[in-house]
Amino acid sequence: MPRYEVEVKAFITVIVHADDAGEARERADRFVEWLSPAIEQIDDYCADHEPIDTDTGPFGIDGESCVEETDG
């Protein structure tokens, strides 16, 4: 069976309390990097779903996050 590398484009909104937009972006970026699956989590997923290769990389942060101040 052929092997494919797929660059998935996905978005998540993270609400952050910070002093300014730059600090908010840094905190949100660190959180998303922390969400990246470990090999054991990929193995667990594959046990119940279609297989995903454990060469799957961590979430990449492209630095293009939009930051907006919210009410509250």
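The model is predicted: local features need pLDDT of at least 70, side-chain atom pairs count only at pLDDT 80 or more, and totals for chains, interfaces and linings use all residues. Residues are numbered from 1 along each chain as its sequence is written, and side-chain values use heavy atoms, with hydrogens and water left out.

**Pocket**

The largest pocket holds about 2,200 Å³ of space. A pocket here is an open set of points on a 1 Å grid over the protein atoms alone, where a 1.4 Å probe fits, with protein on both sides within 12 Å along at least five of seven lines; lining residues have an atom within 4 Å of a point. Its lining consists of 50 residues, and those nearest the centre are Ala-10, Ile-12, Val-32, Phe-59 and Gly-60. Two elements give two or more residues to this lining, helix H1 (21-35) and helix H2 (39-48); helices are DSSP runs (H or I, at least four residues) numbered from the N terminus. H1 supplies the largest share, six residues. By class, the lining has 26 nonpolar, 10 polar and 14 charged residues, where Asp, Glu, Lys and Arg count as charged, Ala, Val, Leu, Ile, Met, Phe, Trp, Tyr, Cys and Pro as nonpolar, and the others, Gly among them, as polar.

Ser-36 sits in the loop between H1 and H2. Its side chain makes polar contacts (N or O atoms within 3.5 Å, one able to donate a hydrogen and the other to accept it): the backbone oxygen of Glu-33 is at 3.1 Å, and the backbone nitrogen of Phe-59 is at 2.7 Å. Not counting residues up to four places away in sequence, Ser-36 touches Gln-41, Pro-58 and Phe-59, contact meaning heavy atoms within 4.5 Å.

Val-14 lies in the segment before H1. Beyond four places in sequence, Val-14 contacts Ala-28, Phe-31 and Val-32.

**Accessibility and cysteines**

Buried means under 20% relative accessible area, exposed over 50%, and partly exposed in between (1.4 Å probe, protein chains only).

| Residue | Relative accessible area | Class |
|---|---|---|
| Ser-36 | 14% | buried |
| Val-14 | 26% | partly exposed |
| Cys-46 | 22% | partly exposed |
| Cys-66 | 74% | exposed |

The whole structure has zero disulfides, a disulfide being a pair of cysteine sulfur atoms within 2.5 Å.

Conventions:
Points joined across faces, edges and corners; volume = space filled by probe spheres on them.
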